[in-house]
Amino acid sequence: MTHGCLKCLKYTMCVANFLCFMSGVAVLGFGVYMLMNFKLTALTPSLANFNLANMLLISGIIISCVSFLGFLGALKENRCLLLTFFLMLFFLLLVQLTAACLLLLYEKDIADWGERDLNDGLKEAKGKNPGEFRSEWDLVQKTFDCCGVYNVSDWGDNVPESCCLKDCTGPPHTPQYRSTGCLDKLRTWFEENFLSTGISVIVLCIIEVLGMCFAMTLFCHISRSGLGYKL
């Protein structure tokens, strides 16, 4: 009976880690697509190297590598791989909890930094060739139905078409622009998705704890029985 339960645990770990591996590959592929098309570095110049595309690439690589270790360790009953899988999950769990605590403690400072960075990004964007920067601002302004950081006046006399709602062809018509700034829209979006993001993080932590428990259970059984590859 115990042997059957452990076999079930082993193949459950294999299937779960295989699904996680495929998810990691999908995230990695989406990160490559974002890197080739929309880096979104014009919005936050101080985080040019930590833009959304790069974060997706890093996340995809980590998920793929960790899940591959778990899959191979469970399939081959390799104690070394299982222990490495356990330690990596434990480290990732600590990083996530630390990041969550820092976000809660420094929420106001992070919001102020984000506002300054958006203003800096808009200033840099207005001083460059429109073809090099406007695609990213156009994407955000159309997606969130906003214009500028606070309002359309942030763009001065060089208002992009993505800010226009109707009568965009110019005289004799007066163009109507989006009235809300992107800062307010982004704040509203974060507030509306705060609960779902929190639930997702909690679910992810639970999955990681379960993965650690499964890996350690299988590791201990292999150690006691003398099965599988040794350390």
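The model is predicted; local features require pLDDT of at least 70, side-chain atom pairs count only at pLDDT 80 or more, and totals for chains, interfaces and linings use all residues. Residues are numbered from 1 along each chain as its sequence is written, and side-chain values use heavy atoms, with hydrogens and water left out.

The secondary structure of the chain comprises seven helices and two strands. Helices (H or I, at least four residues) and strands (E, at least two) are DSSP runs, numbered from the N terminus. Read from the N terminus, the order of elements is α-α-α-α-α-β-β-α-α. The chain has 231 residues, and 31% of them count as buried. Buried denotes under 20% relative accessible area, exposed over 50%, and partly exposed in between (1.4 Å probe, protein chains only). The accessible surface of the chain is about 14300 Å². Carbon and sulfur atoms contribute 68% of that surface. Areas were computed by the Shrake-Rupley method with a 1.4 Å probe; for residues, only the protein chains shown count as cover. Among contacts in the chain with a separation of 6 or more, 68% are between residues 24 or more positions apart. A contact requires heavy atoms within 4.5 Å.

Two packed helices are described by the angle between their axes and the distance between the axes. The axes of α2 and α3 come within 8 Å. They cross at roughly 145 degrees. Axes are lines fitted to C-alpha atoms, for helices over the stretch in contact; angles run from 0 to 180 degrees between N-to-C directions. The crossing of α2 past α3 is left-handed, that is, the near helix is turned anticlockwise from the far one by less than a right angle. On the α2 side, the contact involves Ile62, Val66, Leu69, Gly70, Leu72, Gly73 and Ala74. Their partners in α3 are Leu81, Leu82, Thr84, Phe85, Met88, Leu89 and Leu92. By class, this contact has eleven nonpolar, three polar and no charged residues. Ala, Val, Leu, Ile, Met, Phe, Trp, Tyr, Cys and Pro count as nonpolar, Asp, Glu, Lys and Arg as charged, and the others, Gly among them, as polar.

Glu77 lies in the loop between α2 (52-76) and α3 (79-105). Its phi is near 55 degrees, a positive value in a residue other than glycine. Asp145 also has a positive phi, near 55 degrees. Asp145 belongs to the loop between α5 (130-144) and β1 (164-166). Asp145 is partly exposed, at 37% relative accessible area.

Asp154 is found in the loop between α5 and β1. Asp154 counts as buried because its relative accessible area is 16%. Leaving aside residues up to four places away in sequence, Asp154 touches Leu122, Lys126, Gly148 and Val149.
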